[in-house]
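Trainee: I have a new model to read. Please take me through it, one feature at a time.

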Amino acid sequence: MSPSMSIVLYCGHLKPSHFHRDGQPRLIVGAGFGGIYQLYALRQLGLSVQVIDLAGDVGGTWYWNRYPGPHVHTPFFASLSDPSAGAMSDTESFVYRFTWDKEDLQTYPWTHHYIQGPDVLQYLEHVVERHDLRKHMAFNTELLSAEWSEPEKLWNVDVSTGIRYKVKYLITALGLLSRQNYPDIPGIDTFKGLKCHTAAWDERIELKDKRVGVIGCGSTGVQVITAIAKTVKELVCFSRHPQYSVPSGDRPVTPEYRQMVNANYDKIVDQVRNSAYGFGFQESTRSFNEFTPEEREAIFEELWKQGNGFRFLGGGFNDVSRHSLPPVSDTIGPPRSSTPRQIIKQQNAINSMLTGCRLPPIELPMLQRANSSGKRSSRLYLIQ
Ligand SMILES: Cc1cc2nc3c(=O)[nH]c(=O)nc-3n(C[C@H](O)[C@H](O)[C@H](O)COP(=O)(O)OP(=O)(O)OC[C@H]3O[C@@H](n4cnc5c(N)ncnc54)[C@H](O)[C@@H]3O)c2cc1C
């Protein structure tokens with residue numbers, strides 16, 4: 001045992017009465033979607049379980065990714081009520097939820113086609129309360145090490161609160177995006193201003209009228225830029241490679257749409273489980289090379305209008321994301337009609353700088369919004 005360990009417990013908060021069935025406690029690390037489901041499923045079997053998470057509450061990656069994000073995606077919807085903004089899902093709301101609670105699936109409300117950070121957190125908290133799972137969870141508790149002891153036939157798990165768990169079953173539900181990845185930029189430590197990672201966002205940060213640099217213009221960067229451009233004094237966006245960003249097609253959900261989804265949930269779940277993407281759209285079975293350039297362009301144009309980056313990848317052709325295809329201009333085509341080149345030119349002329357790019361990024365709504373404040377202060381540096 002490490003000298004700093006002050007307490008040794010057999011599965012922390014569990015009382016002997018919890019040791020049902022085989023008498024062996026389980027430890028789950030992570031209280032995101034994965035950990036919550038594991039906990040629920042094991043509790044359904046009557047097994048004793050403890051969940052720990054470094055985070056202060058449930059949510060997993062959504063607990064950490066509290067950066068500001070836009071909600072509305074077209075001028076038309078800008079006039080409608082704007083629900084809590086934050087990081088946005090790529091998967092549509094009807095799919096991005098647990099399917100094992102059928103009643104909840106039918107009744108839990110979602111207002112938009114995509115779900116945002118605060119709403120995901122609210123949803124997960126709701127699930128935890130509804131199934132009385134919180135009592136099995138301990139937060140602000142980091143897994144430091146886990147070692148299998150052959151003589152004991154147990155895992156010795158040391159956590160940051162000084163407890164050592166001894167468990168037969170250790171289930172890691174650590175997620176794939178729960179650690180911050182800080183760029184290894186020489187000299188970054190000498191930066192005198194405030195640094196903040198989107199995956200460790202401090203909601204008290206006030207960006208209004210500040211000079212802000214955003215490193216990275218992938219899906220997170222695009223969302224942050226779009227959300228903060230209106231209020232910051234100056235915005236400089238650093239991007240090593242140009243990104244091809246596709247509109248999400250987000251919009252409010254109508255009662256008719258919700259009714260249609262509810263009536264078809266069994267089929268939807270079945271389709272999702274048997275699909276490669278699991279995104280709830282019908283994937284194409286046809287190869288890119290089966291089509292003429294004109295047909296491809298028409299298909300991409302249609303997908304662009306429908307929105308969703310994954311649909312754009314897999315909805316039209318079965319091999320766009322798998323093959324090493326020629327450069328973007330030969331495959332995905334030129335910027336789509338909904339984002340005419342003129343806008344890029346215009347934006348460049350006014351105040352956006354696209355430097356070092358072979359191709360412009362295609363998420364023009366981002367540029368439009370970034371500059372719609374009339375402040376003429378946003379500069380977009382795209383460095384390849
Ligand atoms: C902005 C954003 C949008 C996304 N949108 C989508 C989407 O639309 N569709 C989709 O399918 N996926 C999306 N994802 C991916 C997302 O990671 C998964 O959908 C899902 O939330 C993963 O759940 P999880 O439980 O597996 O892991 P996580 O939610 O990552 O939870 C892991 C938990 O483990 C905890 N943990 C990690 N290490 C330790 C340790 N050593 N000790 C204690 N606790 C630890 C973390 O604190 C975290 O709470 C998105 C991710 C982000 C960041």
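Mentor: Start with burial. A residue is buried if 20 or more other C-beta atoms lie within 10 Å of its own, exposed if 12 or fewer, and partly exposed in between; the C-beta atoms are placed from the backbone. Helices (H or I, at least four residues) and strands (E, at least two) are DSSP runs, numbered from the N terminus. This is a predicted model: local features need pLDDT of at least 70, side-chain atom pairs count only at pLDDT 80 or more, and totals for chains, interfaces and linings use all residues. Residues are numbered from 1 along each chain as its sequence is written.

Trainee: Is Tyr 37 buried, exposed or partly exposed, and what puts it there?

Mentor: Tyr 37 has 15 other C-beta atoms within 10 Å, so it is partly exposed. Tyr 37 sits in helix 1. Tyr 37 and Val 127 are 90 residues apart in sequence, yet 9.7 Å apart in space, C-alpha to C-alpha.

Trainee: What is the overall make-up of the protein chain?

Mentor: The protein chain has 13 helices and 13 strands. Of its 384 residues, 31% are buried. Now contacts: two residues are in contact if their C-beta atoms, placed from the backbone, lie within 7 Å. Take the contacts between residues at least 6 apart in sequence: 67% of them join residues at least 24 apart.

Trainee: How does the span of helix 1 compare with what is expected?

Mentor: The expected span is 1.5 Å times one less than the number of residues. Helix 1 covers residues 33-44, twelve in number. From first C-alpha to last it reaches 17 Å, close to the expected 16 Å. Gly 46 follows helix 1, and its phi is positive, near 80°.

Trainee: Which residues of helix 1 are buried, and what do they pack against?

Mentor: Phe 33, Gly 35, Ile 36, Gln 38, Leu 39 and Tyr 40 are buried. They pack against strand 2 (26-29), strand 3 (49-52), helix 5 (117-130) and strand 10 (169-172). For directions, axes are lines fitted to C-alpha atoms, for helices over the stretch in contact, and angles run from 0 to 180 degrees between N-to-C directions. Helix 1 lies across strand 2, strand 3 and strand 10, at about 170° to strand 3.

Trainee: In what order do those strands join into a sheet?

Mentor: Two strands pair if DSSP finds at least two bridges between them. Here four strands form an open sheet, ordered 6-3-2-10, with parallel pairing. Strand 6 (137-138) and strand 10 are the edges, each pairing on one side only. Strand 2 and strand 3 share four bridges. Arg 26 has Val 49 in strand 3 as its bridge partner, and Ile 28 stands opposite Val 51.

Trainee: Which way do the residues of strand 2 point?

Mentor: In a regular strand the side chains alternate between the two faces of the sheet. In strand 2, Arg 26 and Ile 28 point one way, Leu 27 and Val 29 the other. Those four residues are all buried.

Trainee: What about an antiparallel pair?

Mentor: Look at strand 8 (residues 154-159) and strand 9 (residues 163-167), joined by four bridges. Trp 155 has Val 167 as its bridge partner. Three residues lie between the strands of this hairpin, where Gly 162 takes a positive phi near 95°.

Trainee: Which residues have a positive phi without being glycine?

Mentor: Most residues other than glycine have a negative phi. Asp 132 and Lys 153 each have a positive phi of about 55°. Asp 132 is in the loop between helix 5 and strand 6. It is exposed, with 10 other C-beta atoms within 10 Å. Lys 153 is in the loop between strand 7 (143-149) and strand 8. Lys 153 is exposed, with 9 other C-beta atoms within 10 Å.

Trainee: Why is helix 6 described as largely enclosed?

Mentor: Eight of the ten residues of helix 6 (residues 219-228) are buried, so the rest of the structure largely encloses it. Among them are Gly 221, Gln 223 and Ile 228.

Trainee: Last, which residues come nearest the ligand?

Mentor: A residue counts as near if its C-beta atom, placed from the backbone, lies within 6 Å. Of the 28 residues around the ligand, Gly 30, Gly 32, Gly 34, Gly 60 and Gly 175 come nearest. Helix 1, helix 2 (61-64) and strand 4 (88-92) each give two or more residues to this shell.
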